Amino acid sequence: MSNPHKATDDLMKWAEEIANKANCSSTRVLALFCIENNKPGRTEESSKVVVANNLMNGVKCK
């Protein structure tokens with residue numbers, strides 16, 4: 001059985017890393033992740049990739 005606290009810690013750590021690289025807040029990263037992750041066909045990993053790429057490339061995310 002997976003540990004939900006570890007998953008949350010990992011997601012927070014990822015958000016902080018992306019926020020530092022993209023010069024934005026980790027709250028914004030997490031919000032964008034939630035939006036992407038709720039789209040049909042998205043997995044957690046694909047959502048992370050989309051959010052990171054958009055923020056790193058300066059794409060304005062809604």
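Among contacts in the protein between residues at least 6 apart in sequence, what percentage join residues at least 24 apart? In the predicted model examined here, the share of such contacts that join residues at least 24 apart is 34%.

The fold is built from three helices and contains zero strands. Followed along the sequence, these elements give the pattern α-α-α. The radius of gyration is 11 Å, close to the 11 Å that the globule rule gives for 62 residues, so the protein is as compact as a globular protein of that length. Along the principal axes, the C-alpha trace extends over about 40 × 25 × 15 Å.

Of the 62 residues in the protein, 29% are buried. The accessible surface amounts to about 4,600 Å², and carbon and sulfur atoms account for 54% of that surface. With regard to charge, the protein carries 9 positive and 7 negative side chains. The centres of these two sets are separated by 9 Å.

Lys39 is placed in the loop that runs between α2 (26-37) and α3 (44-56). The relative accessible area of Lys39 is 37%; this value falls between the limits of 20% for buried and 50% for exposed residues, and Lys39 is therefore classed as partly exposed. The position of Lys39 was also compared with that of Trp14. The two residues are 25 residues apart in sequence, and the distance between Lys39 and Trp14 in space is 20 Å, taken from C-alpha to C-alpha.

Notes
Residues are numbered from 1 along each chain as its sequence is written. This is a predicted model: local features need pLDDT of at least 70, side-chain atom pairs count only at pLDDT 80 or more; totals for chains, interfaces and linings use all residues. Side-chain values use heavy atoms; hydrogens and water are left out. Helices (H or I, at least four residues) and strands (E, at least two) are DSSP runs, numbered from the N terminus. Buried means under 20% relative accessible area, exposed over 50%, partly exposed in between (1.4 Å probe, protein chains only). The radius of gyration is taken over C-alpha atoms; the globule rule is 2.2 Å times the number of residues to the power 0.38. Contact means heavy atoms within 4.5 Å. Accessible areas come from the Shrake-Rupley method with a 1.4 Å probe; for residues, only the protein chains shown count as cover. Lys and Arg count as positive and Asp and Glu as negative; His and the chain ends are not counted. The place of a charge is taken as NZ of Lys, CZ of Arg, CG of Asp or CD of Glu.
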